[in-house]
Amino acid sequence: MNVVPERLPANQPLAERYMNDFASVSSLYNMNVTDPQTWIQRAAWLDQQEHSRIERGALVDCLTQYNLTHNEHEAVQQSLELLRQPNTLTMVGGQQSGLFTGPLLVIYKVVTLILSARHAAEQLDRPVVPVFWIAGEDHDWDEVNHTYLPDEDGQAVRIRMEHERGGHSPVSRTLITEEHIAPVLRQFEGLLPDTEHKGEWIAELERCMRQSDNLSSAFARQLGRLFGRFGLVLLDSDAPQLRELEKPVFRRIIEQNDRLTEAYLAASREVREAGYDEQATVAEDGANLFYIHTDEVYTAERLLLFKRDGHFTDRKGLVTFTKEELLELVEQHPERFSNNVLTRPLMQESLFPVLGTILGTGEIAYWALTRQAFQTLGMQMPPIVPRMSFTVVEDKIQQLLTRFKLSFDDVRERFADIRQEWLEAQEDYNLDQRFAELKRQFAALYAPFVEGLAEVDASLPHIADTNQHKIEAQIDYLHRKSLNAVEKQHEVGLRRLDRIAHSLYPFGKPQERTINSYYYIGRYGERWLDQLLSLEPDLNGGHRLLYM
């Protein structure tokens with residue numbers, strides 16, 4: 001594998017500035033991850049705050065129970081035993097669960113997490129354990145229920161798990177059965193290329209899916225199979241045992257809710273004044289908490305809470321609580337509560353000695369809203385390590401790039417124009433010019449002819465105008481058919497060009513945001529992951545081309 005740095009602009013202006021000009025946005029964040037002193041200072045602060053977090057032993061017991069079920073590996077148990085020790089710190093990153101691990105960016109986030117933990121451990125000469133936070137409480141079913149694999153022409157094909165209850169319940173509480181699993185497994189197997197590794201990985205995926213009753217559980221088993229050997233610790237944020245530990249944090253969030261809202265609103269104004277859009281909604285009456293409500297229709301509906309007239313309620317008015325009632329519910333039923341995107345960072349900080357957190361560009365943008373909230377609860381915003389970014393360039397794609405004399409930027413920035421220019425260069429019919437000239441000559445002949453018709457009948461020019469539009473439409477139709485004929489004549493070359501775009505920038509998006517990781521794991525096996533994990537970490541989250 002040959003690795004070449006290649007700039008890929010972030011899809012968020014604020015994240016782009018964070019990664020490439022931290023000084024200009026430092027007031028919105030906390031520490032510069034490229035400064036070695038950052039890690040020393042952060043570690044010292046965490047040591048001083050050990051007493052303020054959830055007790056380590058209880059947390060590790062909870063994590064051990066979960067990982068023995070989903071991520072049983074000797075290296076994971078070693079990580080957990082290290083985490084029991086007060087000297088051990090963590091790197092934390094997370095993601096919603098995704099079908100068959102979801103797009104490549106999930107794998108790249110885990111790789112960034114493991115490499116960053118290694119780097120920090122070397123810098124500080126103390127243990128740093130990688131922890132991956134699965135957002136099982138998330139209820140956006142449409143975001144996690146699908147993935148993409150290329151077909152034989154390289155075109156990305158969507159594989160989607162249909163579910164009658166999706167979209168209301170947390171993903172970890174949305175039960176899946178053989179009826180949901182079998183169709184997506186068949187489609188996935190049919191699209192995954194035939195390689196020496198295919199049978200092994202299809203069997204693994206079937207095992208993980210059929211041992212799980214929800215997507216979060218399957219996702220955890222798949223990540224454990226891929227990364228457990230590197231000591232990656234997993235957690236599901238919706239696990240009941242974890243919720244029990246989180247009760248004191250939920251109490252603080254409820255008791256300090258008005259102050260937290262003020263902090264988020266102040267940060268929102270600061271972001272706008274700096275010239276950026278907020279990447280998360282900050283409502284003046286928002287409680288920034290979800291309540292999971294059970295009724296006769298939905299097993300568990302996740303409701304966002306708001307503050308109105310001294311009460312906590314959802315938009316539909318399905319539930320209404322006083323602060324005292326909400327605090328009592330936290331004690332009795334902590335499993336009914338979950339964080340939103342703005343309070344989840346506070347929960348993470350309350351559970352773990354977070355040396356640094358791994359975030360994608362969208363997350364970096366909305367974390368700018370949390371710095372003052374951390375301070376409100378006596379915490380410190382952790383350093384943010386941007387997720388590393390990659391585009392895989394297979395040998396056959398590299399050959400096509402060479403043949404057409406294209407660069408990655410050509411494909412990313414102006415592929416449609418390049419495609420049209422190539423097509424025009426292949427034929428000498430000059431169809432665009434010839435049809436444009438035909439329409440010009442027709443209009444030149446038709447106009448004086450119509451003027452003469454007015455002498456016969458004053459209504460004829462109006463009819464002639466309608467007739468002219470019909471004739472021009474027929475000329476345009478013939479133009480399109482002629483172009484289609486030319487395309488068909490050169491469809492082999494066009495298919496080769498399109499294959500480049502399908503591979504490197506499918507649907508006009510970065511490869512890592514679309515294509516499923518098992519496409520490359522199936523082709524190259526686990527050695528591909530080993531190669532990724534042998535790279536030097538890029539703490540600025542730079543993009544690199546991976547020539548296979």
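Biologist: How do helix 5 and helix 9 lie to each other?
Modeller: In this predicted model, helix 5 (residues 104–124) and helix 9 (residues 215–227) pack at about 50°, with axes 12 Å apart. Axes are lines fitted to C-alpha atoms, for helices over the stretch in contact, and angles run from 0 to 180 degrees between N-to-C directions. Angles under 35 degrees count as roughly parallel, over 145 as roughly antiparallel, 65 to 115 as roughly perpendicular and the rest as oblique. Helix 5 and helix 9 are therefore oblique.

Biologist: Which pLDDT do local features need?
Modeller: Residues are numbered from 1 along each chain as its sequence is written, and side-chain values use heavy atoms, with hydrogens and water left out. As the model is predicted, totals for chains, interfaces and linings use all residues, side-chain atom pairs count only at pLDDT 80 or more, and local features need a pLDDT of at least 70.

Biologist: How many residues in the contact of helix 5 with helix 9 are nonpolar?
Modeller: Contact means heavy atoms within 4.5 Å. Val106, Ile107, Val110, Val111 and Ile114 of helix 5 meet Phe219, Leu223, Leu226 and Phe227 of helix 9. Ala, Val, Leu, Ile, Met, Phe, Trp, Tyr, Cys and Pro count as nonpolar, Asp, Glu, Lys and Arg as charged, and the others, Gly among them, as polar. None here is polar or charged; the nonpolar count is nine.

Biologist: Is the crossing of helix 7 and helix 8 left-handed or right-handed?
Modeller: The axes of helix 7 (residues 178–191) and helix 8 come within 11 Å and cross at roughly 165°. Helix 7 and helix 8 are therefore roughly antiparallel. A crossing is left-handed if the near helix is turned anticlockwise from the far one by less than a right angle, and right-handed if clockwise. The crossing of helix 7 and helix 8 is right-handed.

Biologist: With which residue does Glu204 form a salt bridge?
Modeller: A salt bridge is a side-chain nitrogen of Lys or Arg within 4 Å of a carboxyl oxygen of Asp or Glu. Here the closest N and O atoms are 2.9 Å apart. The partner of Glu204 is Arg207.

Biologist: Which residue of strand 12 stands opposite Gly93?
Modeller: Strand 2 (residues 89–95) and strand 12 (residues 354–359) run parallel, joined by four bridges. Opposite Gly93 stands Ile358.

Biologist: Which residue in strand 15 stands opposite Pro5?
Modeller: Strand 1 pairs with strand 15 (residues 543–547) in the antiparallel sense, over four bridges. Opposite Pro5 stands Arg544.

How values were computed:
Helices (H or I, at least four residues) and strands (E, at least two) are DSSP runs, numbered from the N terminus. Two strands pair if DSSP finds at least two bridges between them.
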